[in-house]
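Work through the exercises below with the sequence and the 3D structure in view. Each task is followed by a solution in steps.

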Amino acid sequence: MSKIKRSQITGMNFHYLHYPLDYFLDAMGKYEFEKIELWGAAPHLYVEDLSLADIRIIKKGIDQRELDVVCFTPEQCMYPINLAAKESAIRERSVAYFKKSIDAALELEAPMVLVTAGWGYRNESRQEAWSRTQDSLEQLTVYAEKQGIVLALEPLQKIESNLITTLPELKEILASIASPNLKGMVDTIPLAVEGEELASYFEQLQDDLVHIHFIDGNPGGHLAWGDGSLPLETYMKTLGNYNYDRALTLEFTSSQYLINPNEAVEKSLRSLAPFLE
């Protein structure tokens, strides 16, 4: 069993929304992060507002702080983006949006772009929506393969999606799309809400598990570690047992952290410290 390294703990800018991007980057330096996951949203890095030249300027600021971007995560839950949309205009726009996000990831030297399946109408056939998201993902994997980017597909909570919310559903879509550039990931909140085990993702996905959003909850909430009730020690043992050596992103989406985002980082680092080398 290996021990998780401090360098695997990865910062994210979601809860720094009310501060400039440079404030977030400076905080990552202050707290000695080596890796970040960039949430692609206004005003920080919304691909519809920025040219590739603008993104290159952002990348310079990241490089100056000696940070590596492990994943680019374009906003796709609050914005009108839906890979399973019944309306062709929305779905086409969504596919184009993710292609722009893949291009942005290239400029950021990020190896991965996070994607989610979207959602279908609750009163339509689930299979119809599933077919639409499968088609969208197939289009994106072709583009991702050309660009050398991995798409990390994240299950959501059932209140967010009616398509991919569990490990069996994630396995099903991965099996249906034959691409080496489409992989799986897990977020501890949907996992806990569904009553799943972290070990199951390692056992069943194996090398296809490429990324983890690692946060506390009750079981929902996307909270700082110490503000929820999830079994941190058990999770850390599981990560060690499976020799996980990739990023563990602190994705705090609760609005309670918007005023003082650094406090959530500090609290989490204190909670995680006993388990890190």
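**Exercise 1.** Describe the salt bridge between Glu-109 and Lys-59.

Step 1. Glu-109 and Lys-59 form a salt bridge, with their closest N and O atoms 3.8 Å apart; the term requires a side-chain nitrogen of Lys or Arg within 4 Å of a carboxyl oxygen of Asp or Glu.

Step 2. The two residues are 50 apart in the chain: Glu-109 lies in the loop between helix H3 (88–108) and strand S4 (112–115), and Lys-59 in helix H2 (residues 52–64). Helices (H or I, at least four residues) and strands (E, at least two) are DSSP runs, numbered from the N terminus.

Step 3. Glu-109 is exposed at 61% relative accessibility, whereas Lys-59 is buried at 9%. Buried means under 20% relative accessible area, exposed over 50%, and partly exposed in between (1.4 Å probe, protein chains only).

The model is predicted: local features need pLDDT of at least 70, side-chain atom pairs count only at pLDDT 80 or more, and totals for chains, interfaces and linings use all residues. Residues are numbered from 1 along each chain as its sequence is written, and side-chain values use heavy atoms, leaving out hydrogens and water.

**Exercise 2.** Locate the salt bridge of Lys-237 and Glu-233.

Step 1. The N to O distance between these side chains is 3.7 Å.

Step 2. Lys-237 and Glu-233 are separated by about one helical turn because they sit four residues apart in helix H8 (residues 232–241).

Step 3. Lys-237 is partly exposed at 47%, and Glu-233 is partly exposed at 45%.

**Exercise 3.** How many salt bridges does a search of the whole structure find?

Step 1. The search gives 14.

Step 2. Asp-22, Asp-26 and Arg-65 are linked in a salt-bridge network.
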